[in-house]
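Please view the sequence and the model before reading on.

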Amino acid sequence: MISYEDIKEAQDTLIKCWGDDGKKVIEECAKVKPFNGSMKSFFEYCACCGGNWVGMLLSGVKALFPSVYDVIPNDMSITAFCCVCATMVLCGVDIQDEC
């Protein structure tokens, strides 16, 4: 279950790492219908990307939340994995749930 602390941490991560772009992602996540599911069920929407976990997770974000995907910055920096996971949390994917 996603807690308030999880949501706050995700928002803080996006703002710290992506600045104004992170704020845009947060705002767009607030507009989408939450996934309300586990990582296992989220993986059903992801495409394998030859070991590129960020690419695989982004494919799921794009499939389920195209408007969120569109505001993710092109240059995600070295914090890409953490920020994509934070974005997923804000979209209702329970990343702490057992697969």
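The model is predicted. By class, the residues that line its largest cavity are 3 nonpolar, 1 polar and 2 charged.

**The cavity**
- The search finds 1 cavity of 30 Å³ or more.
- The volume of the largest cavity is about 30 Å³.
- Its lining consists of Ile2, Asp6, Val89, Asp94, Ile95 and Gln96.

**Helix α1 with helix α5**
- Helix α1 spans residues 4–29, and its axis lies 8 Å from that of α5, at an angle of about 105 degrees.
- Angles of 65 to 115 degrees count as roughly perpendicular, so α1 and α5 are roughly perpendicular to each other.
- On the α1 side, the contact involves Asp6, Ile7, Ala10, Gln11, Thr13, Leu14, Cys17, Trp18, Val25, Ile26 and Cys29.
- On the α5 side, the residues are Cys82, Cys83, Ala86, Thr87, Val89 and Leu90.
- Sorted by class, this contact has 13 nonpolar, 3 polar and 1 charged residues.
- Asp6 of α1 and Val89 of α5 take part in this contact, and both are also among the residues lining the largest cavity.

**Helix α3 with helix α5**
- Helix α3 covers residues 53–64 and helix α5 covers residues 80–90; their axes come within 10 Å and cross at roughly 25 degrees.
- Angles under 35 degrees count as roughly parallel, and therefore α3 and α5 are roughly parallel to each other.
- The crossing of α3 past α5 is left-handed.
- From α3, the contact uses Trp53, Val54, Leu57, Leu58 and Val61, while α5 supplies Ala80, Phe81, Val84, Cys85 and Met88.
- The residues of this contact comprise 10 nonpolar, no polar and no charged.

Terms used
Residues numbered from 1 in each chain as written. Predicted model: local features only at pLDDT ≥ 70, side-chain atom pairs only at ≥ 80, totals over all residues. Heavy atoms only, no water. Axes fitted to C-alpha atoms, helices over the stretch in contact; angles between N-to-C directions. Helix = DSSP H or I, 4+ residues; strand = E, 2+ residues; numbered from the N terminus. Parallel < 35°, antiparallel > 145°, perpendicular 65-115°, else oblique. Left-handed = near helix turned anticlockwise from the far one by under 90°. Contact = heavy atoms within 4.5 Å. Nonpolar A, V, L, I, M, F, W, Y, C, P; charged D, E, K, R; others polar. 1 Å grid on protein atoms, 1.4 Å probe; cavity = no way out; pocket = protein on both sides within 12 Å on 5 of 7 lines; lining within 4 Å. Points joined across faces, edges and corners; volume = space filled by probe spheres on them.
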